[in-house]
Amino acid sequence: MSGKGGTGKTTVAAALALALASDGRRTLLVEVEGRQGIAQLFDTAPLPYEERRIAIAPGGGEVRALAVDAEAALLEYFELFYRLGMAGRTLRRMGAVEFATTLAPGLRDVLLTGKVKECVNRRDAGGRPVYDAVVLDAPPTGRVVSFLDVTKAMADLARTGPIHSQAAGVVQVLHSPLTAVHLVTLLEDLPVTETLETVDELTAAGFPVGTVIVNRVRQQWLPDRSVAAAAGGRVDSGRIRSGLASAGLDLPAGVIDGLVAETVEHAVRVHGEAAALARLEEAAALPRLELPQLVEGVDLGSLYELAEALVEQGVGEPAVSEVGS
Amino acid sequence: MSPRPAPALDVDTLLDDPDTRIVVCCGAGGVGKTTTSAALAIRAAERGRRTVVLTIDPARRLAQALGLDALGNEPGRVAAARGDLHAMMLDMRRTFDEMVHTHAEPERAEAIIANPFYQTISSSFSGTQEYMAMEKLGQLAATGEWDLIVVDTPPSRSALDFLDAPQRMSTFLDGRMIRLLSAPARAGGRGLRKLVGAGFSLFAKGVSTILGGQMLADASAFVQAFDTMFGGFRERATATYALLRSPGTAFLVVAAPEPDALREAAYFVDRLASDEMPLAGLVLNRTHPVLADLSATQARAAAEGLRSAPLAAAVLRLHADRVDLADREQRLLSRFTGAHPGVAVARVPAIAGDIADLDGLREVGERLAASTDSAAQPLRSAR
């Protein structure tokens with residue numbers, strides 16, 4: 001899940017993890033930027049580098065969460081291949097581990113995506129995947145393609161060794177039908193522009209683009225035929241006044257003026273949203289999902305509401321979600 | 001009882017004060033920092049101050065409005081502004097190259113710039129943009145040409161990155177670590193090695209296996225070449241940091257009325273306080289003040305009975321939504337001001353539609369300045 005900063009991609013990623021976990025399934029929600037956005041959203045203590053259950057989905061499913069940390073992932077490797085023992089912690093405190101991951105930005109990305117790949121491929125004793133779906137709250141649109149493009153990152157790394165083979169596995173998973181990159185947008189000019197640019201970049205780099213999720217869709221109240229005129233500032237205040245009077249509301253002129261001003265702003269917004277939607281439809285024939293604006297803001301309860309909205313639009317039913325909204 | 005409203009941020013007084021020499025706009029990504037910076041710069045210039053705005057990554061149309069599509073890494077005059085306004089867009093690679101040339105003799109500078117590792121550092125190291133923004137700010141201030149410098153900050157993961165990145169980069173470039181990693185036996189790290197035992201050698205060996213010998217060799221050559229100029233680098237960074245703490249600087253923390261953005265803003269405000277950096281206030285962008293005094297409940301109830309007047313019913317419903325939204329924004333802001341009661345706030349009502357030209361930016365400036373009155377008239381609680 002990616003999207004321009006401020007579009008709510010973490011929230012949408014969490015809602016998707018919940019939706020995909022419904023009816024007894026199990027999903028993993030992963031973050032990679034050290035922001036502890038998941039913990040804040042679910043109102044829990046900061047997540048350690050460890051998968052743990054953070055929510056029960058409708059119908060008994062389970063969402064687990066993991067905050068991947070590149071330094072911890074690197075130490076995990078050293079533990080595995082070099083038996084570093086207790087020195088790991090000291091090295092970390094010295095800054096040596098951060099230094100090594102900073103030295104090659106590609107290494108950092110390989111470590112992060114490598115952990116995700118490991119979770120995707122992990123199987124239980126019966127050979128079934130441990131997770132029905134893994135939802136990655138990826139970096140924002142500006143950085144997501146270089147983050148996922150492990151092939152390029154591998155140029156930074158030695159051509160042999162455990163991390164190299166890990167990276168090769170990441171490339172395989174990310175470019176396979178197992179993966180879909182979803183983009184969250186708002187119906188505003190800049191987020192739509194970035195979404196379209198990112199769709200092109202992802203396609204060029206060979207990543208399967210999934211769904212465009214239009215977030216915070218707001219209610220439109222004006223009759224369609226009034227929108228264009230109102231957006232141009234033409235609102236019939238006389239008609240509003242008489243309409244209100246017929247409902248028993250006799251409002252002073254100042255209040256009517258305020259209502260007219262609010263109506264014009266509402267119409268300009270609706271007009272702009274329609275134009276943004278048209279640009280999305282015109283440029284990218286991608287499946288689309290919509291999530292409503294939550295006036296009260298997002299809390300744990302409303303995450304379930306958003307998940308429900310996704311399920312209603314077919315998320316979690318493979319045959320339907322392939323076709324999209 | 002509702003909490004005491006925050007003091008209003010008086011933007012014009014701040015911009016007009018000849019002692020205000022630098023305004024830094026910081027905040028989380030997507031809150032309108034670049035727009036705010038540009039709007040403040042135009043307003044300052046049109047109120048008579050010789051102003052330059054340093055933008056980092058402006059959206060295309062904003063860049064065009066400022067004439068930046070034709071300009072590079074040096075300030076260029078914004079001809080359409082009614083005043084002395086210059087604008088520039090940070091080119092971090094070029095700024096870095098220029099710094100190398102300033103601090104090293106030509107031959108060594110060429111060697112550094114040709115090093116593959118330099119290419120990585122100067123284009124994709126996560127702190128480079130912040131470091132170079134600081135460097136550019138230092139350069140602009142050093143010319144003494146400007147009454148006021150307005151600085152936009154890079155679209156970081158976190159607003160704090162702007163303050164932390166230069167330090168991170170200094171630590172990275174100071175060479176101790178790379179010497180340890182590329183030649184742990186010789187690096188004079190014996191005490192250290194004793195400390196971590198064989199662990200460090202193993203780690204160094206592992207890192208070199210993962211990254212490849214060539215990369216470590218490049219990195220090592222780079223750091224060695226860089227060593228002589230490192231002192232100069234660090235001095236500059238320290239000087240710019242001191243500049244940021246001086247009374248001529250004003251930090252504006254920019255946020256949108258969303259929990260994440262306000263949480264970032266709160267972190268940043270705390271951080272500025274602990275670093276003793278001068279905070280001017282919070283700019284809360286894109287608010288939706290209620291323009292008509294009518295409660296949401298009353299509006300919705302009246303709309304129910306208005307089948308015959310669809311326009312009036314729609315107007316009532318959209319008003320009721322707006323009241324709810326304004327209430328929510330007020331609650332979010334109150335949470336912030338409750339924890340940070342001394343911070344002055346400017347609320348900037350959202351402009352419907354896109355800001356694509358200087359007039360749009362002037363309008364943002366108007367709204368920034370007009371919010372002086374909003375303490376006297378707090379958002380109506382139209383319940």
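Q: What makes the rule find one salt bridge across the interface of chain A and chain B?
A: Across this interface of a predicted model, the rule finds one salt bridge, the term meaning a side-chain nitrogen of Lys or Arg within 4 Å of a carboxyl oxygen of Asp or Glu. Glu265(A) and Arg322(B) form a salt bridge, with their closest N and O atoms 2.8 Å apart.

Q: Which elements make up the side of chain A that touches chain B?
A: Two or more residues each come from helix 3 (70-82), helix 4 (87-94), helix 5 (96-103), helix 6 (105-121), helix 10 (189-204), helix 11 (224-231), helix 12 (237-246) and helix 13 (253-283) of chain A. Helices here are DSSP runs of H or I with at least four residues, and strands are runs of E with at least two, numbered from the N terminus. Helix 13 of chain A gives the most, with nine residues. The residues on this side divide into 32 nonpolar, 16 polar and 16 charged; Ala, Val, Leu, Ile, Met, Phe, Trp, Tyr, Cys and Pro count as nonpolar, Asp, Glu, Lys and Arg as charged, and the others, Gly among them, as polar.

Q: How many residues of chain A are said to be in contact with chain B, and on what criterion?
A: In chain A, 64 residues are in contact with 65 residues of chain B, where contact means heavy atoms within 4.5 Å.

Q: What area do chain A and chain B bury between them?
A: About 5400 Å² is buried between the two chains, 70% of it on carbon and sulfur atoms. This buried area is the accessible area (1.4 Å probe) lost on putting the two parts together, summed over both.

Q: Why are the buried residues of helix 14 of chain B said to line one face?
A: The buried residues of helix 14 (residues 296-304) of chain B are Ala296(B), Ala299(B), Ala302(B) and Ala303(B). Seen down the helix axis, they fall within an arc of 135°, so they line one face of the helix; the arc is that of the directions from the axis to the C-beta atoms. Thr297(B) and Ala301(B) are exposed on the face turned away from the buried side. Buried denotes under 20% relative accessible area, exposed over 50%, and partly exposed in between (1.4 Å probe, protein chains only). Helix 15 (310-339) of chain B is included in what covers the buried residues of helix 14.

Residues are numbered from 1 along each chain as its sequence is written, and chains are lettered from A in the order in which they are written. Local features need pLDDT of at least 70 and side-chain atom pairs count only at pLDDT 80 or more, while totals for chains, interfaces and linings use all residues; side-chain values use heavy atoms, leaving out hydrogens and water.
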